[in-house]
Amino acid sequence: MKVGFIGTGSMGGLLIDAFLSSGGLLAGDVIASNRSRQKLDRLAQLHPGITLAENNRETAAGSDIVFLCVKPLEFKALTDEIGDCLGSGQIVVSITSPVQIHHLERVLPSKIAKIIPSITHSVFSGTSLCVLGSRLDDHDRELLLGLMSHIGNPVEISESHTRISSDFSSCGPAFLSLFLERWIEAAAAATGIDRRLAGILAGEMLLGTGRLLTEGEFTPGELQERVAVPGGITAEALSLLRYSLDGVFERLIDTTHRKYDEDLAKLDALFGQSGQASE
Ligand SMILES: NC(=O)c1ccc[n+]([C@@H]2O[C@H](COP(=O)([O-])OP(=O)(O)OC[C@H]3O[C@@H](n4cnc5c(N)ncnc54)[C@H](OP(=O)(O)O)[C@@H]3O)[C@@H](O)[C@H]2O)c1
C-alpha cells in the first residue's frame, strides 16, 4: 500500500516520522511532496527509501491513501491541482478541522476522510479524531483506523464536534504547556527551584494524571476530591484556581470557534464556487 503526504511541514513531517518509527509504514510505502524542496530533503536524509515526488500530482496519482497536510486556505488550490489525478478507489485524508468532508467530496472523485492528528503522536500517544465520509466502506474504515492506531488512539467523531474535540486533542498540548510554563516560572521566581527540575516534576505529574484519567477510571472531579483533604493546602489552592479560572474556558472555546467559523466561511466561498461549476 502506498501512502502519500502532500505538505511535509510540522504535521506532515511528524506523521511520516511517527508512521515510520512505529512500524505502521515502511519507507517504501511512503511518497511525499512539498511546496519547497528543503523539508523533503531533510525527510529523505532521516528516512532513506521514501519516495520524493517531483510534484503533488505525482504523489496523488501514486497513492492509495493521500494525506493533505497543508493549511486550510491552501486546500482549494491544491484540490484544483490534483483533482484529475485521483480516482474513486483512493482515499484522501484532510488533517485540518475547518475543511469539510462535503467541500472535498464536491471537487474530488475519491473517498474522503478527515483525520485531525496531534503532536502527541510523535510519542505514539493521544487521540486522532476521525470523520469518515459517505464513500468509505467498512474495509476503508478498518484500513484507516488500523493505520492511525500505530501512532495513537483513533476515535470516530461527528463532524459537527471536530472543533471542540480538536481543542482537547490537538490544541490541548499547547494550552496545558502554557499553564505549566506559567506555573514553573512563578515557582522559580518565588522559591528559586531549578526550572529544569520543576519541568520534570510537572511533566511526570501530567503523564501520571493522564494515566489516572484514561486507565485509572477517575473523572477530573474525582481526582480533585481524592487529592484535596478538606481544610488542607490543596483544597485552599483549588478554591483560588476555581475563582481565577471563572469564565476562562468559555472564552477559550469562543476564541477557537470564532477562528474556525472565519476559516469555514472562507472555505465555503472557495469551494462553493467550484462546487457550482462542477455540478
Ligand atoms: N501542528 C499541529 O499540531 C496540527 C495538529 C492537527 C492539525 N494540524 C493541521 O495541519 C495543517 C498543516 O499544519 P502544519 O502545522 O503542518 O503547517 P506547516 O508547518 O506550515 O506545514 C504546511 C506545509 O504545507 C506545504 N504546502 C503549502 N502549500 C502546498 C502545496 N500547494 N503543495 C505542497 N505543499 C504545500 C508548506 O510548504 P513550504 O515548505 O513551502 O512552507 C508546508 O511545508 C493545518 O491545517 C493545521 O490545522 C496541525
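1. Confidence. The average pLDDT of the protein is 95, and 97% of the residues score at least 70. The exception to keep in mind is the stretch of residues 274–279, where the pLDDT is below 50 and where the model shows five contacts beyond near neighbours in sequence. Where pLDDT is low, the predicted coordinates should not be read in detail.

2. Helices α8 and α9. Helix α8, which covers residues 172–191, packs against helix α9, residues 195–214, at an angle of about 140 degrees, and their axes are 10 Å apart. Since an angle has to be over 145 degrees to count as roughly antiparallel, α8 and α9 are therefore oblique to each other. The crossing of these two helices, α8 and α9, is right-handed.

3. Residues between α8 and α9. On the α8 side the contact is made by L176, L180, W183, I184, E185 and A188, which meet R195, A198, G199, A202, M205 and L206 of α9. Sorted by class, the contact of α8 with α9 comprises nine nonpolar residues, one polar residue and two charged residues.

4. Helices α7 and α8. The axes of helix α7 (residues 162–169) and α8 come within 5 Å, and they cross at roughly 45 degrees, which makes α7 oblique to α8. From α7, the residues S166, D167, F168 and S169 meet G172, P173 and F175 in α8. By class, the contact of α7 with α8 is made up of three nonpolar, three polar and one charged residues.

5. Helices α1 and α2. Here α1 packs with helix α2, residues 38–46, at an angle of about 10 degrees, the axes being 11 Å apart. Because angles under 35 degrees count as roughly parallel, α1 is roughly parallel to α2. In this contact G13, I16 and D17 of α1 meet R42, L43 and L46 of α2, and the residues of the contact of α1 with α2 divide into three nonpolar, one polar and two charged.

6. Aromatic pairs. The structure holds four aromatic pairs, and one of them is formed by F5 and F19, a tilted pair with 6.2 Å from centre to centre and 45 degrees between the planes. F5 lies in strand β1 (residues 3–6), whereas F19 lies in helix α1 (residues 10–22), so the pair ties together parts that are 14 residues apart in sequence.

Note on methods. Residues are numbered from 1 along each chain as its sequence is written. This is a predicted model: local features need pLDDT of at least 70, side-chain atom pairs count only at pLDDT 80 or more; totals for chains, interfaces and linings use all residues. Side-chain values use heavy atoms; hydrogens and water are left out. pLDDT is the predictor's confidence in each residue, from 0 to 100. Contact means heavy atoms within 4.5 Å. Axes are lines fitted to C-alpha atoms, for helices over the stretch in contact, and angles run from 0 to 180 degrees between N-to-C directions. Helices (H or I, at least four residues) and strands (E, at least two) are DSSP runs, numbered from the N terminus. Angles under 35 degrees count as roughly parallel, over 145 as roughly antiparallel, 65 to 115 as roughly perpendicular and the rest as oblique. A crossing is left-handed if the near helix is turned anticlockwise from the far one by less than a right angle, and right-handed if clockwise. Ala, Val, Leu, Ile, Met, Phe, Trp, Tyr, Cys and Pro count as nonpolar, Asp, Glu, Lys and Arg as charged, and the others, Gly among them, as polar. Rings of Phe, Tyr and Trp (its six-membered ring) pair if their centres lie within 6.5 Å; planes under 30 degrees apart count as stacked, over 60 as edge-to-face and the rest as tilted.
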